[in-house]
Amino acid sequence: MTLQIATEIDQPAPRTMPKWGSWLLFLALCYAAVGSSPFSRAEVFDKAGGDITNQIVWMLFALIGLGAAFKHAATARALLRRSWPVFLVVGWILLTSQWAPYPDLTYRRSGFLLVTTVALFGLAIASPDPARFFRMLILVSGLVMTINVLGTLVLPGLSIGPDGAVTGMHSHKNSAGQIALVSYLAWLVAAVMNRDLRWRAIFLLGAVVWFGFLVLTQSKTSLGIAVLAPFGMLITLQVLKTEGLVRIAFVAMLVGVAAVAWVLMLGAGLTGGEVAVLAVGDLTFTGRTDLWEYLWNEIANHPARGFGYGSFWHTGFRYSPINFASGWVATAGQAHNGYLDLILQTGFIGLALALVAILRSIGLAIRLASRPGLPLEQRTGYILALVLMGAILLLNFMESSYFRNNHYLSVLFILLYFMVETWSQRLAESRS
(Lines give C-alpha, C1' and ligand atoms only; values in the text may rest on other atoms or scores of the structure.)
Protein backbone atom coordinates (compact mmCIF):
# COMPACT_ATOMS: atom_id res chain seq x y z
CA MET A 1 0.00 0.00 0.00
CA THR A 2 1.47 3.31 -1.07
CA LEU A 3 1.48 6.19 1.35
CA GLN A 4 -0.54 9.06 -0.13
CA ILE A 5 -0.57 12.56 1.36
CA ALA A 6 -2.29 15.62 -0.07
CA THR A 7 -0.07 18.53 -1.03
CA GLU A 8 -0.46 22.30 -1.11
CA ILE A 9 1.12 22.38 -4.57
CA ASP A 10 -0.16 19.96 -7.20
CA GLN A 11 3.18 19.44 -8.93
CA PRO A 12 5.59 17.40 -6.74
CA ALA A 13 9.25 18.21 -6.32
CA PRO A 14 11.39 16.79 -9.15
CA ARG A 15 13.02 13.43 -8.53
CA THR A 16 16.71 13.66 -9.23
CA MET A 17 17.76 10.30 -7.79
CA PRO A 18 16.60 6.72 -8.47
CA LYS A 19 14.32 4.89 -6.06
CA TRP A 20 17.04 2.42 -5.08
CA GLY A 21 18.54 5.13 -2.90
CA SER A 22 15.35 5.30 -0.84
CA TRP A 23 15.28 1.54 -0.31
CA LEU A 24 18.96 1.57 0.60
CA LEU A 25 18.08 4.19 3.21
CA PHE A 26 15.26 1.90 4.39
CA LEU A 27 17.70 -1.02 4.87
CA ALA A 28 20.24 1.16 6.70
CA LEU A 29 17.65 2.55 9.11
CA CYS A 30 16.26 -0.93 9.75
CA TYR A 31 19.70 -2.30 10.52
CA ALA A 32 20.57 0.66 12.75
CA ALA A 33 17.38 0.08 14.77
CA VAL A 34 17.51 -3.72 14.96
CA GLY A 35 21.23 -4.56 14.89
CA SER A 36 22.78 -7.94 14.18
CA SER A 37 21.25 -9.90 17.07
CA PRO A 38 17.55 -9.10 17.67
CA PHE A 39 15.78 -10.65 20.66
CA SER A 40 19.12 -11.64 22.18
CA ARG A 41 19.06 -9.08 25.03
CA ALA A 42 22.85 -9.32 24.87
CA GLU A 43 24.28 -5.82 24.74
CA VAL A 44 27.39 -5.90 22.56
CA PHE A 45 30.19 -4.02 24.26
CA ASP A 46 32.14 -1.97 21.77
CA LYS A 47 35.65 -3.42 22.22
CA ALA A 48 36.82 -2.95 18.64
CA GLY A 49 34.30 -0.72 16.94
CA GLY A 50 31.51 -3.30 17.13
CA ASP A 51 31.14 -6.98 16.26
CA ILE A 52 32.42 -8.27 12.92
CA THR A 53 28.92 -8.48 11.41
CA ASN A 54 28.28 -4.84 12.27
CA GLN A 55 31.58 -3.79 10.74
CA ILE A 56 30.96 -5.68 7.50
CA VAL A 57 27.43 -4.30 7.10
CA TRP A 58 28.47 -0.68 7.56
CA MET A 59 31.49 -1.12 5.32
CA LEU A 60 29.13 -2.36 2.59
CA PHE A 61 26.89 0.67 3.14
CA ALA A 62 29.99 2.89 2.98
CA LEU A 63 31.13 1.34 -0.31
CA ILE A 64 27.69 1.84 -1.83
CA GLY A 65 27.63 5.38 -0.45
CA LEU A 66 31.01 6.11 -2.04
CA GLY A 67 29.64 4.77 -5.32
CA ALA A 68 26.71 7.19 -5.08
CA ALA A 69 29.12 10.02 -4.27
CA PHE A 70 31.29 9.26 -7.32
CA LYS A 71 28.24 8.95 -9.57
CA HIS A 72 26.97 12.36 -8.42
CA ALA A 73 30.38 13.96 -7.93
CA ALA A 74 29.24 17.57 -8.15
CA THR A 75 26.57 17.04 -5.50
CA ALA A 76 29.04 15.17 -3.30
CA ARG A 77 31.65 17.92 -3.51
CA ALA A 78 29.10 20.58 -2.64
CA LEU A 79 27.78 18.53 0.29
CA LEU A 80 31.32 17.87 1.50
CA ARG A 81 32.04 21.62 1.56
CA ARG A 82 28.84 22.31 3.46
CA SER A 83 29.36 19.46 5.95
CA TRP A 84 32.67 20.66 7.35
CA PRO A 85 31.32 20.87 10.98
CA VAL A 86 30.53 17.15 11.28
CA PHE A 87 33.73 16.06 9.50
CA LEU A 88 35.69 18.41 11.75
CA VAL A 89 34.24 16.59 14.77
CA VAL A 90 35.13 13.18 13.32
CA GLY A 91 38.61 14.46 12.45
CA TRP A 92 39.17 15.67 16.01
CA ILE A 93 37.94 12.31 17.32
CA LEU A 94 40.54 10.57 15.12
CA LEU A 95 43.21 12.97 16.38
CA THR A 96 42.56 12.01 20.03
CA SER A 97 44.33 8.72 19.29
CA GLN A 98 47.61 10.67 19.59
CA TRP A 99 47.22 11.04 23.36
CA ALA A 100 44.74 8.30 24.25
CA PRO A 101 46.01 5.70 26.75
CA TYR A 102 44.82 2.92 24.43
CA PRO A 103 45.53 4.30 20.92
CA ASP A 104 44.70 1.01 19.18
CA LEU A 105 41.17 1.12 20.60
CA THR A 106 40.81 4.74 19.59
CA TYR A 107 42.02 4.00 16.05
CA ARG A 108 39.54 1.14 15.62
CA ARG A 109 36.56 2.86 17.22
CA SER A 110 37.09 6.24 15.60
CA GLY A 111 37.84 4.53 12.29
CA PHE A 112 34.53 2.68 12.48
CA LEU A 113 32.77 5.98 13.26
CA LEU A 114 34.36 7.41 10.10
CA VAL A 115 33.11 4.43 8.07
CA THR A 116 29.58 4.94 9.41
CA THR A 117 29.76 8.67 8.66
CA VAL A 118 30.88 8.02 5.07
CA ALA A 119 28.01 5.54 4.64
CA LEU A 120 25.46 8.08 5.86
CA PHE A 121 27.03 10.77 3.67
CA GLY A 122 26.43 8.55 0.63
CA LEU A 123 22.89 7.69 1.73
CA ALA A 124 22.02 11.39 1.94
CA ILE A 125 23.24 11.82 -1.64
CA ALA A 126 21.41 8.74 -2.91
CA SER A 127 18.08 9.66 -1.30
CA PRO A 128 17.97 13.45 -0.90
CA ASP A 129 14.23 14.11 -1.12
CA PRO A 130 12.55 15.07 2.22
CA ALA A 131 9.27 13.39 1.21
CA ARG A 132 11.08 10.12 0.56
CA PHE A 133 12.93 10.41 3.87
CA PHE A 134 9.59 10.90 5.63
CA ARG A 135 8.07 7.84 3.94
CA MET A 136 11.06 5.63 4.68
CA LEU A 137 11.15 6.59 8.36
CA ILE A 138 7.42 5.91 8.67
CA LEU A 139 7.88 2.49 7.04
CA VAL A 140 10.93 1.60 9.13
CA SER A 141 9.41 2.70 12.43
CA GLY A 142 6.13 0.96 11.64
CA LEU A 143 7.88 -2.32 10.76
CA VAL A 144 10.25 -2.28 13.74
CA MET A 145 7.56 -1.36 16.26
CA THR A 146 5.11 -3.94 14.89
CA ILE A 147 7.75 -6.63 15.40
CA ASN A 148 8.43 -5.25 18.88
CA VAL A 149 4.77 -5.36 19.88
CA LEU A 150 4.15 -8.82 18.41
CA GLY A 151 7.42 -10.11 19.86
CA THR A 152 6.42 -8.93 23.32
CA LEU A 153 3.12 -10.81 23.01
CA VAL A 154 4.51 -14.00 21.43
CA LEU A 155 8.01 -14.18 22.95
CA PRO A 156 7.72 -12.58 26.41
CA GLY A 157 10.74 -14.50 27.69
CA LEU A 158 12.95 -12.77 25.12
CA SER A 159 11.17 -9.42 25.13
CA ILE A 160 10.71 -8.65 28.84
CA GLY A 161 13.62 -8.14 31.21
CA PRO A 162 13.90 -9.59 34.72
CA ASP A 163 12.79 -6.25 36.18
CA GLY A 164 9.56 -6.36 34.17
CA ALA A 165 10.65 -3.67 31.70
CA VAL A 166 9.85 -4.46 28.06
CA THR A 167 12.87 -4.52 25.75
CA GLY A 168 11.25 -5.92 22.62
CA MET A 169 13.95 -7.17 20.27
CA HIS A 170 16.51 -4.69 21.61
CA SER A 171 19.36 -5.17 24.05
CA HIS A 172 18.22 -2.76 26.78
CA LYS A 173 15.05 -1.05 27.89
CA ASN A 174 16.54 2.39 27.21
CA SER A 175 17.38 1.38 23.64
CA ALA A 176 13.83 0.08 23.19
CA GLY A 177 12.46 3.30 24.70
CA GLN A 178 14.51 5.52 22.40
CA ILE A 179 13.42 3.65 19.27
CA ALA A 180 9.81 3.72 20.48
CA LEU A 181 10.14 7.48 21.05
CA VAL A 182 11.45 8.10 17.52
CA SER A 183 8.61 5.99 16.08
CA TYR A 184 6.01 7.76 18.21
CA LEU A 185 7.30 11.18 17.14
CA ALA A 186 7.39 10.22 13.45
CA TRP A 187 3.81 8.94 13.47
CA LEU A 188 2.61 11.86 15.60
CA VAL A 189 4.09 14.36 13.14
CA ALA A 190 2.44 12.45 10.28
CA ALA A 191 -0.93 12.54 12.09
CA VAL A 192 -0.69 16.27 12.80
CA MET A 193 0.40 17.23 9.29
CA ASN A 194 -1.89 14.95 7.28
CA ARG A 195 -5.11 16.32 5.80
CA ASP A 196 -6.66 13.00 4.88
CA LEU A 197 -8.81 11.95 7.84
CA ARG A 198 -8.33 8.23 7.19
CA TRP A 199 -4.55 8.46 7.13
CA ARG A 200 -4.61 10.82 10.10
CA ALA A 201 -6.58 8.22 12.10
CA ILE A 202 -4.12 5.46 11.09
CA PHE A 203 -1.09 7.53 12.07
CA LEU A 204 -2.70 8.61 15.34
CA LEU A 205 -3.56 5.00 16.22
CA GLY A 206 0.02 3.95 15.50
CA ALA A 207 1.38 6.79 17.64
CA VAL A 208 -0.85 5.69 20.55
CA VAL A 209 0.31 2.06 20.26
CA TRP A 210 3.97 3.05 20.08
CA PHE A 211 3.46 5.32 23.12
CA GLY A 212 1.95 2.37 25.01
CA PHE A 213 5.02 0.27 24.18
CA LEU A 214 7.23 3.14 25.34
CA VAL A 215 5.43 3.19 28.70
CA LEU A 216 6.10 -0.55 29.10
CA THR A 217 9.84 -0.06 28.52
CA GLN A 218 10.01 2.05 31.72
CA SER A 219 12.49 4.36 29.99
CA LYS A 220 11.86 7.53 32.00
CA THR A 221 13.80 10.00 29.86
CA SER A 222 12.17 8.91 26.61
CA LEU A 223 8.76 8.83 28.26
CA GLY A 224 9.17 12.35 29.62
CA ILE A 225 10.05 13.70 26.18
CA ALA A 226 7.12 11.80 24.65
CA VAL A 227 4.70 13.42 27.12
CA LEU A 228 6.03 16.91 26.38
CA ALA A 229 6.30 16.34 22.62
CA PRO A 230 2.71 17.34 21.65
CA PHE A 231 3.03 20.66 23.49
CA GLY A 232 6.48 21.31 22.04
CA MET A 233 5.25 20.40 18.58
CA LEU A 234 2.28 22.77 18.87
CA ILE A 235 4.55 25.63 19.92
CA THR A 236 7.03 24.80 17.13
CA LEU A 237 4.34 24.84 14.46
CA GLN A 238 3.08 28.20 15.70
CA VAL A 239 6.60 29.65 15.67
CA LEU A 240 7.22 28.35 12.13
CA LYS A 241 4.08 30.14 10.91
CA THR A 242 5.46 33.52 11.96
CA GLU A 243 8.26 35.59 10.42
CA GLY A 244 10.64 38.41 11.30
CA LEU A 245 9.66 40.61 14.22
CA VAL A 246 6.46 38.63 14.78
CA ARG A 247 8.51 35.47 15.38
CA ILE A 248 10.86 37.29 17.74
CA ALA A 249 7.89 38.69 19.67
CA PHE A 250 6.23 35.27 19.85
CA VAL A 251 9.38 33.59 21.17
CA ALA A 252 9.86 36.43 23.67
CA MET A 253 6.29 35.91 24.85
CA LEU A 254 6.96 32.20 25.40
CA VAL A 255 10.10 33.00 27.38
CA GLY A 256 8.10 35.51 29.43
CA VAL A 257 5.41 32.92 30.20
CA ALA A 258 8.09 30.46 31.34
CA ALA A 259 9.67 33.14 33.55
CA VAL A 260 6.31 34.00 35.14
CA ALA A 261 5.65 30.31 35.82
CA TRP A 262 9.06 30.03 37.49
CA VAL A 263 8.39 33.08 39.68
CA LEU A 264 4.98 31.72 40.69
CA MET A 265 6.59 28.38 41.57
CA LEU A 266 9.14 30.11 43.80
CA GLY A 267 6.36 32.22 45.31
CA ALA A 268 4.50 29.03 46.22
CA GLY A 269 7.54 27.88 48.20
CA LEU A 270 8.69 25.17 45.78
CA THR A 271 12.41 24.75 45.21
CA GLY A 272 14.07 23.45 42.08
CA GLY A 273 14.90 20.21 43.87
CA GLU A 274 11.29 19.67 44.91
CA VAL A 275 10.11 20.23 41.34
CA ALA A 276 12.70 17.71 40.12
CA VAL A 277 11.46 15.14 42.64
CA LEU A 278 7.88 15.71 41.47
CA ALA A 279 8.94 15.32 37.84
CA VAL A 280 11.24 12.29 38.00
CA GLY A 281 10.75 10.95 41.52
CA ASP A 282 14.51 10.84 42.17
CA LEU A 283 16.78 13.84 42.65
CA THR A 284 19.84 11.73 41.76
CA PHE A 285 18.28 10.76 38.41
CA THR A 286 18.65 7.05 39.24
CA GLY A 287 22.23 7.45 40.42
CA ARG A 288 23.44 9.57 37.53
CA THR A 289 24.63 12.42 39.77
CA ASP A 290 27.13 10.08 41.46
CA LEU A 291 28.45 9.03 38.06
CA TRP A 292 28.67 12.62 36.85
CA GLU A 293 30.57 13.69 39.98
CA TYR A 294 33.09 10.90 39.42
CA LEU A 295 33.51 11.76 35.74
CA TRP A 296 34.08 15.47 36.43
CA ASN A 297 37.10 14.44 38.51
CA GLU A 298 38.42 12.51 35.51
CA ILE A 299 37.69 15.42 33.17
CA ALA A 300 39.80 17.69 35.37
CA ASN A 301 42.86 15.64 34.33
CA HIS A 302 42.27 16.24 30.59
CA PRO A 303 39.92 19.23 30.26
CA ALA A 304 40.93 20.61 26.85
CA ARG A 305 41.58 17.56 24.67
CA GLY A 306 39.87 14.77 26.60
CA PHE A 307 40.81 11.27 27.62
CA GLY A 308 40.75 9.90 24.08
CA TYR A 309 37.78 8.61 22.06
CA GLY A 310 36.93 5.03 22.99
CA SER A 311 39.71 4.70 25.57
CA PHE A 312 37.57 5.11 28.68
CA TRP A 313 34.49 2.86 28.40
CA HIS A 314 34.70 -0.94 28.02
CA THR A 315 38.38 -1.00 27.20
CA GLY A 316 38.76 -4.65 28.18
CA PHE A 317 41.88 -3.71 30.12
CA ARG A 318 42.33 -4.01 33.84
CA TYR A 319 43.44 -0.45 34.45
CA SER A 320 40.62 1.48 32.86
CA PRO A 321 39.84 4.47 35.15
CA ILE A 322 36.19 3.50 35.57
CA ASN A 323 37.29 0.22 37.17
CA PHE A 324 38.56 2.17 40.18
CA ALA A 325 35.09 3.53 40.90
CA SER A 326 32.67 1.86 43.29
CA GLY A 327 29.05 0.77 43.23
CA TRP A 328 26.86 1.42 40.21
CA VAL A 329 29.39 3.88 38.78
CA ALA A 330 31.88 1.04 38.20
CA THR A 331 29.38 -0.81 35.99
CA ALA A 332 28.48 2.16 33.77
CA GLY A 333 29.29 1.95 30.07
CA GLN A 334 28.50 5.58 29.24
CA ALA A 335 28.24 8.94 31.00
CA HIS A 336 24.42 9.02 30.71
CA ASN A 337 24.90 12.54 29.38
CA GLY A 338 26.01 12.98 25.80
CA TYR A 339 27.60 16.38 26.38
CA LEU A 340 29.55 15.17 29.41
CA ASP A 341 30.67 12.12 27.44
CA LEU A 342 32.01 14.36 24.67
CA ILE A 343 33.98 16.40 27.20
CA LEU A 344 35.29 13.23 28.85
CA GLN A 345 36.52 11.61 25.64
CA THR A 346 37.26 14.59 23.35
CA GLY A 347 37.63 17.49 25.79
CA PHE A 348 35.99 20.90 25.71
CA ILE A 349 37.41 21.34 22.22
CA GLY A 350 35.48 18.30 21.02
CA LEU A 351 32.30 19.50 22.73
CA ALA A 352 32.61 22.94 21.11
CA LEU A 353 33.03 21.40 17.65
CA ALA A 354 30.08 19.06 18.22
CA LEU A 355 27.85 21.92 19.39
CA VAL A 356 28.63 23.82 16.17
CA ALA A 357 27.39 20.82 14.15
CA ILE A 358 24.33 20.29 16.38
CA LEU A 359 23.20 23.91 16.43
CA ARG A 360 23.90 24.39 12.72
CA SER A 361 21.74 21.39 11.81
CA ILE A 362 18.85 22.60 13.99
CA GLY A 363 19.13 26.11 12.53
CA LEU A 364 19.02 24.75 8.97
CA ALA A 365 16.02 22.56 9.82
CA ILE A 366 14.15 25.57 11.23
CA ARG A 367 14.92 27.61 8.11
CA LEU A 368 13.73 24.81 5.81
CA ALA A 369 10.53 24.16 7.76
CA SER A 370 9.74 27.90 7.75
CA ARG A 371 9.70 28.18 3.95
CA PRO A 372 6.30 29.19 2.55
CA GLY A 373 4.54 27.46 -0.33
CA LEU A 374 5.96 23.97 0.20
CA PRO A 375 4.25 20.71 -0.76
CA LEU A 376 2.76 19.29 2.42
CA GLU A 377 4.74 16.06 2.38
CA GLN A 378 7.97 17.96 1.84
CA ARG A 379 7.19 20.31 4.73
CA THR A 380 6.38 17.25 6.86
CA GLY A 381 9.86 15.86 6.13
CA TYR A 382 11.45 19.12 7.25
CA ILE A 383 9.37 19.31 10.44
CA LEU A 384 10.04 15.65 11.24
CA ALA A 385 13.79 16.27 10.96
CA LEU A 386 13.49 19.28 13.27
CA VAL A 387 11.40 17.37 15.85
CA LEU A 388 13.81 14.42 15.88
CA MET A 389 16.84 16.69 16.26
CA GLY A 390 15.17 18.42 19.20
CA ALA A 391 14.35 15.07 20.82
CA ILE A 392 17.94 13.83 20.40
CA LEU A 393 19.24 17.09 21.87
CA LEU A 394 17.06 16.62 24.97
CA LEU A 395 17.75 12.89 25.31
CA ASN A 396 21.47 13.56 25.51
CA PHE A 397 21.01 15.30 28.85
CA MET A 398 20.30 11.86 30.35
CA GLU A 399 21.75 9.41 27.80
CA SER A 400 24.84 9.42 25.58
CA SER A 401 24.34 9.09 21.85
CA TYR A 402 26.15 11.87 19.98
CA PHE A 403 28.96 10.38 17.82
CA ARG A 404 28.71 7.07 19.63
CA ASN A 405 29.41 3.83 17.78
CA ASN A 406 26.65 1.21 17.49
CA HIS A 407 23.96 3.61 18.64
CA TYR A 408 20.72 4.19 16.74
CA LEU A 409 20.38 7.84 17.74
CA SER A 410 23.96 8.58 16.68
CA VAL A 411 23.27 7.11 13.25
CA LEU A 412 20.01 9.03 13.04
CA PHE A 413 21.58 12.35 14.03
CA ILE A 414 24.46 12.10 11.54
CA LEU A 415 22.02 11.09 8.80
CA LEU A 416 19.73 14.01 9.66
CA TYR A 417 22.71 16.35 9.60
CA PHE A 418 23.63 15.31 6.06
CA MET A 419 19.98 15.39 5.03
CA VAL A 420 19.37 19.00 6.10
CA GLU A 421 22.65 20.05 4.49
CA THR A 422 21.57 18.31 1.25
CA TRP A 423 18.12 19.91 1.35
CA SER A 424 19.64 23.35 2.01
CA GLN A 425 22.10 22.81 -0.83
CA ARG A 426 19.28 21.96 -3.26
CA LEU A 427 17.39 25.06 -2.12
CA ALA A 428 20.43 27.24 -2.79
CA GLU A 429 20.86 25.67 -6.23
CA SER A 430 17.19 26.21 -7.11
CA ARG A 431 17.41 29.89 -6.14
CA SER A 432 20.53 30.43 -8.27
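1. Throughout this note, contact means heavy atoms within 4.5 Å. With that cut-off, and not counting residues up to four places away in sequence, Ser83 touches Tyr417, Phe418 and Glu421. Ser83 sits in the loop between helix H3 (73–82) and helix H4 (84–95), and its relative accessibility of 0% counts as buried, where buried stands for under 20% relative accessible area, exposed for over 50% and partly exposed for what lies in between (1.4 Å probe, protein chains only).

2. A word on the basis of these values. This is a predicted model, in which local features need pLDDT of at least 70 and side-chain atom pairs count only at pLDDT 80 or more, while totals for chains, interfaces and linings use all residues. Residues are numbered from 1 along each chain as its sequence is written, and side-chain values use heavy atoms, with hydrogens and water left out.

3. As for the overall fold, the secondary structure of the chain comes to 16 helices and 0 strands; helices (H or I, at least four residues) and strands (E, at least two) are DSSP runs, numbered from the N terminus. Of the 432 residues in the chain, 51% are buried. Among contacts between residues at least 6 apart in sequence, 78% join residues at least 24 apart.

4. The largest nonpolar core has 118 residues, and the members that touch the most others are Trp58, Phe133, Tyr184, Leu295, Phe403, Tyr408 and Leu412. A nonpolar core here is a set of buried Ala, Val, Leu, Ile, Met, Phe, Trp, Tyr and Cys residues joined through side-chain atoms within 4.5 Å. Leaving out residues up to four places away in sequence, Phe403 touches Val86, Val89, Ile93, Leu113, Tyr309, Leu342, Ala354, Ser410, Phe413 and Ile414.

5. A search of the whole structure finds 19 aromatic pairs, a pair being rings of Phe, Tyr and Trp (its six-membered ring) with centres within 6.5 Å, counted as stacked if the planes are under 30 degrees apart, as edge-to-face if over 60 and as tilted for the rest. The ring centres of Tyr382 and Trp423 are 5.3 Å apart and the planes lie at 55 degrees, so this pair is tilted. The pair links distant parts of the chain, with Tyr382 in helix H15 (residues 376–395) and Trp423 in helix H16 (residues 408–431), 41 residues apart. Tyr382 is buried at a relative accessible area of 3%, and Trp423 is buried at 2%.

6. Tyr402 and Phe413 form another pair, and because their ring centres are 5.1 Å apart with planes at 75 degrees, the pair is edge-to-face. Tyr402 lies in the loop between H15 and H16 and Phe413 in helix H16, so the pair ties together parts that are 11 residues apart in sequence.

7. Helix H1 (residues 20–34) packs with helix H6 (residues 130–154) at an angle of about 40 degrees, their axes being 9 Å apart; axes are lines fitted to C-alpha atoms, for helices over the stretch in contact, and angles run from 0 to 180 degrees between N-to-C directions. From H1, the residues that meet H6 include Trp23, Phe26 and Leu29, while Phe133, Met136 and Val140 are among those in H6. The residues of this contact divide into 14 nonpolar, 1 polar and 1 charged, with Ala, Val, Leu, Ile, Met, Phe, Trp, Tyr, Cys and Pro counted as nonpolar, Asp, Glu, Lys and Arg as charged, and the others, Gly among them, as polar.

8. Two backbone positions deserve a look, given that most residues other than glycine have a negative phi. Gln218, which is not a glycine, has a positive phi of about 60 degrees; Gln218 lies in the loop between helix H9 (197–217) and helix H10 (220–241) and is partly exposed at 39% relative accessible area. His336 likewise has a positive phi, near 55 degrees, and is found in the loop between helix H13 (288–299) and helix H14 (338–369), where His336 is buried at 11% relative accessible area.
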